[in-house]
Amino acid sequence: MGQRIHFVVDPQGWCCMGLIIFIWLYNTIFIPKVILFPHYEEGNISVVAVLCYYFCSLFCIASLFRVSVADPGKLPENPKIPITELEHWELCNKCNMMRPKRSHHCSRCGHCVRRMDHHCAWINNCVGEDNHWLFLQLCFYTQILSSYTLLLDFCHYYYFLPLKKENWDVFVFRHELALLRISAFMGLIILGGISRLFYTQLMGIFTDTTSIEKMSNCCEDISRPRKPWQQTFSEVFGTHWKILWFIPFRQRQPLRVPYHFVNHV
């Protein structure tokens with residue numbers, strides 16, 4: 001099943017995404033130029049460290065682009081509701097359309113989204129049933145890339161041997177300290193914010209509760225898992241193969257879940 005393209009026209013979201021892409025480009029360009037390549041040439045680090053950084057960077061930007069244009073689970077205008085599932089649907093009081101229970105109407109996007117978790121301006125898209133797995137991957141790889149960047153910044157000054165050759169261009173050589181301080185500052189800010197967000201997302205999956213449901217306090221015993229954690233994660237990622245949970249270059253296939261496992265809100 002191919003994933004539909006979903007594009008939200010929101011200038012605020014474009015600005016937020018532009019800032020994220022700028023930070024990614026900044027670190028992808030200057031960190032290898034200032035730290036990785038010079039120290040690799042002088043034998044202070046191995047080629048594995050260079051490749052790992054670029055792999056983390058690739059997976060991070062791939063997750064960002066995919067989650068920003070992926071359909072989060074937008075409901076069609078005239079959904080076909082099987083008679084046997086009619087009791088699991090309800091009427092939205094904002095767009096007057098039938099929707100499955102646990103769906104939510106996004107006022108910014110103007111439509112209902114299946115199992116909507118929240119609208120995220122940083123990806124300029126809603127986080128819902130069909131792209132939640134990509135959002136988790138984005139948080140995961142952003143943490144890894146930020147931590148890796150901070151580690152390289154630290155090692156460059158306090159662990160690696162001083163560079164013998166000064167073969168950089170004039171701009172990088174003169175502004176090396178400022179460039180790395182900016183990189184470390186951005187890394188700390190992003191790592192702190194993303195780590196907290198990632199923790200709340202994981203707790204929401206463990207308890208099978210969305211962020212909107214937590215804020216509305218409409219679930220009973222939301223702190224108690226209602227399913228095994230393997231089941232809830234498999235439903236989000238669309239597969240029981242755990243290795244595939246970390247790969248953003250694939251298509252998600254929704255799992256068929258019996259209705260007696262579903263939480264009706």
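The side chains of Arg 108 and Asp 10 meet in a salt bridge, with 3.0 Å from N to O; the term denotes a side-chain nitrogen of Lys or Arg within 4 Å of a carboxyl oxygen of Asp or Glu. Arg 108 lies in the loop between strand 3 (104-106) and strand 4 (111-113), and Asp 10 in the segment before helix 1, so the pair ties together parts that are 98 residues apart in sequence. Helices (H or I, at least four residues) and strands (E, at least two) are DSSP runs numbered from the N terminus. Arg 108 is partly exposed, at a relative accessible area of 44%, whereas Asp 10 is buried at 9%. Buried means under 20% relative accessible area, exposed over 50%, and partly exposed in between, computed with a 1.4 Å probe on protein chains only.

The model is predicted: local features need pLDDT of at least 70 and side-chain atom pairs pLDDT 80 or more, while totals for chains, interfaces and linings use all residues. Residues are numbered from 1 along each chain as its sequence is written, and side-chain values use heavy atoms, leaving out hydrogens and water.

The structure holds 10 salt bridges, including the following.

| Pair | Closest N and O atoms |
|---|---|
| Arg 102 and Glu 213 | 2.8 Å |
| Asp 130 and Arg 114 | 2.7 Å |

Arg 102, in the loop between strand 2 (98-100) and strand 3, and Glu 213, in helix 6 (residues 211-216), are 111 residues apart. Arg 102 counts as buried at 9% relative accessibility, and Glu 213 counts as buried at 5%. Both residues belong to a network of salt bridges that also links Arg 115, Asp 208, Lys 227 and Glu 235. Asp 130 is buried, with a relative accessible area of 16%.

The largest nonpolar core has 46 residues, and those touching the most other members are Ile 35, Tyr 53, Ile 123, Phe 135, Leu 152 and Phe 237. Such a core is a set of buried Ala, Val, Leu, Ile, Met, Phe, Trp, Tyr and Cys residues joined through side-chain atoms within 4.5 Å. Two or more residues come from each of helix 1 (11-41), helix 2 (47-69), helix 3 (132-158), helix 5 (176-206) and helix 7 (229-237). Helix 3 gives the most, with 11 residues.

The unreviewed UniProt entry lists residues 12-31, 43-65, 138-159 and 179-199 as "transmembrane region"; such annotations may be inferred rather than shown by experiment. Residues 138-159 are 95% helix, with end C-alpha atoms 30 Å apart. Residues 179-199 are 100% helix, with end C-alpha atoms 30 Å apart.
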